[in-house]
Amino acid sequence: RWEGISTRLARLEEASSKLLRVERFAATDGLAQEVPVEDVGKTWTTDRNAKYDGRQGYRAGVALQMTSGERGCAMSHVRAWRVVAASSKPVLVMEDDAMPSATFSKRLSRSVARAEAASADVLYLGYIKGAEWRSQIGPGLYEAEYLWTTVSYVLWPSGAKKLL
């Protein structure tokens, strides 16, 4: 599954090495590895999602237990954020199921440059839009109110520090 993606990422690394860092980062396995509760809680509530999710029956105030997989995934992101916070360049974070298109490198370079010019903290590349855009920053670049998923994003050190 990674053959084609690795080639695209290699091209991406060559094309944008001055803009951001690209490296393989091992995920946290929530079943096999300890996930400290001080880093990732064991429950979450539907409060924020309910504000934006219009499906019938979706309501605020429901507490849900996180699965080991969800906690491992969240811990992987927290670990990545720590690496980014300690760096001087933005970092591309992609989950292992992200599928970059053939034009990904070209589009990413433009988008990163535009986001950097706008002093962005994070640039989401794969998402589910939960609300209307707050504003348009530039061609194809918007300020988000609320998004779901973390499949692929570019994170600047300033953004990582805010998340942590």
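The expected span of a helix is 1.5 Å times one less than its number of residues, where helices (H or I, at least four residues) and strands (E, at least two) are DSSP runs, numbered from the N terminus.

## Basis of the model

This is a predicted model, in which local features need pLDDT of at least 70 and side-chain atom pairs count only at pLDDT 80 or more, while totals for chains, interfaces and linings use all residues. Residues are numbered from 1 along each chain as its sequence is written, and side-chain values use heavy atoms, with hydrogens and water left out.

## Helix H3

Helix H3 (residues 68-85) has 18 residues, which should span 26 Å at 1.5 Å a residue, and the 25 Å between its end C-alpha atoms agrees with this.

## Helix H4

In helix H4 (residues 104-117), Phe104, Ser105, Leu108, Val112 and Ala115 are buried. Seen down the axis of H4, these buried residues fall within an arc of 90°, so they line one face of the helix; the arc is that of the directions from the helix axis to the C-beta atoms. Lys106 and Ala117, on the other side of H4, are exposed.

## Thr46

Thr46, in the loop between strand S1 (43-45) and helix H2 (47-52), is buried, with a relative accessible area of 5%.

Notes
Buried means under 20% relative accessible area, exposed over 50%, partly exposed in between (1.4 Å probe, protein chains only).
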